[in-house]
Amino acid sequence: MMTAWRDYFVLGIQGLIFFYFITLNGLYLVLLLLSAAWCRRYKKKAALHPIDFDALESLKRLIPPVTLIVPAYNEERVIAQSVRSLLGIEYPRIQIAVINDGSTDNTLEELTRSFSLRKAEVRPSGELPTQPIRDFYVSVVEPRLVVIDKQNGGKADALNAGINFCESPYFLAMDADSVVEPEALTYAVRAILEDPERVVAVAGIVRGVNGSIVDGGRVRSPSLQLNLWVVMQTIEYVRSFLAGRAGWSQINGLLMVSGAFGLIQKAACVKVGGYSTKTVTEDLELVVRLHRYAREHKLDWRVVFAPDAVCWTEMPSSAAVLSRQRKRWHEGLWQTIAAHRAMCFRPRYGVVGMLSMPHQVIHEAGGPFVELSGLVLLPLAYFLGMLSFKAFVLYMAFAFFFSIVFSLMAVLIDQTLFPRHRFPRDALLLLVFALIENFGYRQLYLSWRLAASWNYLFGKISWRASTRTGFATRA
Amino acid sequence: MGPRALTILPTLRELEVAVLALGALAVGLAIVVYLLMETRHRRQIRRDARRLILRSKLFPPLAADALRDVWKRSGGGDKELIEEVLVGMCASAADELKATIERSVVGSGIFDRWISDVRNGGPSTRVRAATRLGYVHDLRGVFELARATGDGSLEVRMAAVLGLGRLQDPRGLLALVTIASKPSSEIPDFTLAAALAGCAQKSPGGLANLLRARETRARVIGTWALSEVADRTVLRYLLAAARDPEPEVRAKVARALARIDHPQSIEALHRMAGDPIWFVRVRALDALGKLQARSEEETALASLGDKVREVRYRAATALRQVGGTRGDLVAKALAARSRLSFDSLISEWDREGFLWLLVAGLSTRDFPSFLQSRETLKLLIGAGVVRALTHLILVYPDVKLRLRLLRLFLEVSSPSTQEELIALADGPRCDRRVAAAIKRILTGPDARRSAGVNPSPA
């Protein structure tokens, strides 16, 4: 009797792992194909984009203004450089609002020194509740720049303060340690102008600035830093954006508009209540809430991806910092799933309810447990004589093989359609690391996600700030 | 007996082969990916180098015959690059040089080839030809692009619309108006409006039909284009459209009216400043500000009390544009309106440096201005506008004016502000002369005497 139950149990686990393996790889394959086809079309279409400023001068005056909201908490090392990069954006109608979120370092002093700030009698008001605003500064030398000094309340709270100040129909939420390419905002706005009635959010692509030279607020010489963690993350980013989000965007199932570069319609954001201060991944949660609100109110809103709207950001270059970041992301994922669990498997929520959210639950949040059970139970079953060694090895071989194929294809899309890195050095690095990332790095990442799941289920979640080293600049 | 555990039939040897094969496949795939990337990279470098060579051949612009020779002797790839170079030169050249290039392109027969391509080519050829026709101004090209706006391919239509907008030829207007009149043309409204504005620059009256269209989209696009090019010839159409049921149209009409300084447009804008839709009110106030309509000062002052923040702020901007940042307007806003109106006014004006300019007015070089600044500042300090002003005591470049501002503070401010000033004097950023002045006046013997405390013998 016991033997029968044991067999049922092991068979059940095997079935679960098989189901996970098939659905995950099947979904990734579909997304990869969708992404590849769409990226090709996009690249072709981009040559004829509808806001070609060089082609039509009057476009410059007709485009909507955009407010760039830059929350800054202890960013003294990078803030001036970032703001300079934003001032270099080739978009005629921008306002930059830096939100000093109660920094304890010299972020405000650095801004005051670099941009000759003076205190102004401006009182931002708006519908979103935030921590109290301490002061408001305008720049004597740069009329497009304003700085809001407020009590610390976290990134979401700072973004809400920026939204309250924002007077334009769209705002760009971004990180203070990011460098935005000059044309990035134009490309992102293009996605809105092609369908202004429906598009409420545009996700840009985030790339790692580590190893590149930043000069005058621009990435002059993109190059990949020869650092295990940086290269691994670069592959992950490329895979996630160009072989994942591009596909999700096609079927209006995109749940992630990165906090480093996300263009959002202000009215829609205010309508859903702004950024949530109750989660550590406010960007993910906001987009899920936008989808939810749209479906519940029968609005045809779309969240789209713009692969050429590039934002460069500093990636963690050590295991300790990376693990903190990844744990935070995973905890935030759990929080978002818990808050919007009602959307899962509900046809009322369309693609998001039937595909995106279940994917987040089964593959992203539940994935670590399935993978762990695979790593623990399959060898155990083997030692108990219940599983063929060959089956185990074949399963692992196929799992690794598919993973490698997805990474290689993503690198191919990246390097041929949206090349940014140095050739051949960086391309070779990416290819080699795409082959070896499954041996060690994946398992380490799995352990971080498990720890984050443990923290969410039994522990305490707190914001874990990353350590910034600042950008490399020309001497 | 329970179910059998999963077993796989292949032998160990076969398994080894399978795993090795998968590994080799992965590495092979990586190599293929690399080769594909390298091929693309090399092709790009070759193309860039060839383009540079051809550019040096084609500049300064060749005569039509010479260009025809170069063109005839070139292969297919080079021909495409030559076209790209010519189009690039047309896009960036100054007017005179551009005319020379256009003449040689038309005379060499390249232009005829584009016309033939846009009529008979495959989809990508038609797109390429339509794009190029949009850079070289020639009447045949305008007509061909106008025809191409009805092409079956969206890309060709898009290229044709952009091309017509770029050429800014009024003869392309009719084709664009026809597209805009359709319920849906798949061309973004924004692009269409910009192209229409380009073509209607010299004759905005050509857009009047759109304003009377039944389709809302057509009216929106028409007014949008007019917001860039409107003049008195279209005033009556705009006045009629100012009563359009669609708020988007009314908002754009307000933008267009901002270009026409006429009593009738001001009257229409005055009415629109009371529109039930907030963004129409915003646009109307914006237009009144741009027109510097002095008669509308009261309208703007009234709008300072609007319930929508954007309207209040735009009213403040309009007031500044209409009558300048005057102290009497501040007094009016403070006396007659709600505190919200006053805050909005100061908030918006100070972003443009209102308080800074007031402090600058404390310079005695211009006495009337000094008196006006002094009175306004006293009014503002009395009304609690101290946050930015105390900061100016710290950072204003002229120390003499800082001390004058300080004196005003001491005349008007409340005890709590005085405490703030003492804290300011103790701060590291305070100029020593300013700090000494604050301490002398607020904590020195005079201050204690006035507070009824005997000064110490020391």
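## Glu181(A)

In this predicted model, Glu181(A) counts as buried because its relative accessibility is 14%, and buried means under 20%. The residue sits in the loop that connects β7 (178-180) to α6 (184-193) of chain A.

Leaving aside residues up to four places away in sequence, Glu181(A) touches Ile89(A), Val310(A), Trp312(A) and Arg420(A). With Arg420(A) there is also a polar contact between the two side chains, at 2.9 Å.

## Burial of strand β5(A)

Strand β5 of chain A spans residues 145-150 and is mostly covered, with six of its six residues buried. Which residues lie on each face of β5(A)? One side carries Leu145(A), Val147(A) and Asp149(A), while Val146(A), Ile148(A) and Lys150(A) are on the other. Both faces are covered.

## Partners of β5(A)

β5(A) pairs with strand β2 (residues 94-101) of chain A in the parallel sense, over six bridges. Within this part of the chain, Ile148(A) of β5(A) is the bridge partner of Ile99(A).

β5(A) also pairs with strand β4 (residues 133-139) of chain A; these two run antiparallel and are joined by five bridges. Here Val146(A) in β5(A) is the bridge partner of Val138(A). β4(A) and β5(A) form a hairpin, and five residues lie between them.

Note on methods: Residues are numbered from 1 along each chain as its sequence is written. Chains are lettered from A and ligands numbered from 1 in the order in which they are written. This is a predicted model: local features need pLDDT of at least 70, side-chain atom pairs count only at pLDDT 80 or more; totals for chains, interfaces and linings use all residues. Side-chain values use heavy atoms; hydrogens and water are left out. Buried means under 20% relative accessible area, exposed over 50%, partly exposed in between (1.4 Å probe, protein chains only). Helices (H or I, at least four residues) and strands (E, at least two) are DSSP runs, numbered from the N terminus. Two strands pair if DSSP finds at least two bridges between them. A polar contact is a pair of N or O atoms within 3.5 Å; within protein, one must be able to donate a hydrogen and the other to accept it, and residues adjacent in sequence count only if both atoms are side-chain atoms. Contact means heavy atoms within 4.5 Å.
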